[in-house]
Each structure stands twice: as C-alpha cells, then as structure tokens.
Amino acid sequence: MIALGRSLAPGAARGTALVLSEPLSLWGGMDPATGLVSEPRHPEHGASLAGTVLVLPSARGSSSSASVLAEAIRVGTAPAAIVIGELDLILALGAAVGEEMYGTQVPIVVLAPADLAQIANGAAVEIGSDGTVTV
C-alpha cells in the first residue's frame, strides 16, 4: 500500500509498525525514560514505542503529551515516526520542539481511516518526506 497523508511534522523515517488498538495519551501513557506504554489499562501496556512507526487511531488527552514526546526524543526512546488517523497538533508541537532542541525529526502523518486500517502490526513502514506512507 502507498498512501499520501497530511504531514504534521516533517521528516522521513522507516521502521516496524506498532499498531495500537486504542488511542493513547503520552502524558501518563508513555514512560519517556523507557519508551514503554505505561498506562496499565491500555491493551498494549508494556509495548515499546522506541524506534517504531507508531500507528494509532487518535491521541487522547493532555497538552502535556508534547513535553513527553520531546523528552522521549531527547533520550532516544521516541517512535521513529507517528501515523495517526486524526489531526493532533499537540503531538506535532512535541515533534517540533524535539527537532528544534535536539536535532531529531519524528515525522507525523495523518492518514485517512481506510488507509490507516491497512497497516498491520509488525509491517515494515516507510514515511516519505512528502507525507507518503509505504507499507
């Protein structure tokens, strides 16, 4: 599958898809020190986001998610890229801060729900600098 999404944060990346079955707030839902999903009630609790292409239907919650993403970028536990089904400017802000302060891009792309549903957990995913998602 090749789909063109809306780029919220620039960059190109590749990695293995980690598809979350439910939305996640990084604030309280991700431990930036380890990159693990830390929310005990989340179905993917304990999964590592570090270096993955994180695929999720939407984010949930706090504006503090931007600071959690920026901290994960700083310590090297952030996803390589984020592909999301809904616009989320809070995550884009975290990616922008991480790039500005630490020189690391975490591209964020919004895909249509039908395209998002075609990404299987564990699939090899490539994000192009133009917002193209290739699986």
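The protein chain exposes about 6100 Å², with carbon and sulfur atoms supplying 55% of that area; accessible areas come from the Shrake-Rupley method with a 1.4 Å probe, and for residues only the protein chains shown count as cover. What you see is a predicted model, in which local features need pLDDT of at least 70 and side-chain atom pairs count only at pLDDT 80 or more, while totals for chains, interfaces and linings use all residues. Residues are numbered from 1 along each chain as its sequence is written, and side-chain values use heavy atoms, leaving out hydrogens and water.

How is the chain built? It has three helices and ten strands, in the order β-β-β-β-β-β-α-β-α-β-α-β-β along the sequence. Here helices (H or I, at least four residues) and strands (E, at least two) are DSSP runs, numbered from the N terminus. The radius of gyration is 13 Å, close to the 14 Å that the globule rule gives for 135 residues, so the chain is as compact as a globular protein of that length. That radius is taken over C-alpha atoms, and the rule is 2.2 Å times the number of residues to the power 0.38. Along the principal axes, the C-alpha atoms fill a box of roughly 35 × 35 × 20 Å.

Of the 135 residues, 47% are buried, where buried means under 20% relative accessible area, exposed over 50%, and partly exposed in between (1.4 Å probe, protein chains only). Among contacts with a separation of 6 or more, 76% join residues 24 or more positions apart; a contact means heavy atoms within 4.5 Å.

In soluble globular proteins, nonpolar side chains tend to be buried together.

Helix α1 (residues 65–75) deserves a visit of its own. Its buried residues are S65, A66, V68, L69, A70, A72 and I73. They pack against β4 (30–31), β7 (81–84), α2 (89–102) and β8 (108–110). After the helix comes G76, whose phi is positive, near 85°.

Which partners does L49 touch? Leaving aside neighbours within four places in sequence, L49 is in contact with L18, L24, L26, M30, G35, V37, L54, T77, A78 and P79.

V19 is partly exposed, whereas V110 is buried.

| Residue | Relative accessible area | Contacts |
|---|---|---|
| V19 | 24% | E44, V55, I119, A120 and N121 |
| V110 | 14% | G5, R6, L8, I84, G85, E86 and L87 |

From C-alpha to C-alpha, V19 and A70 are 21 Å apart in space and 51 residues apart in sequence.
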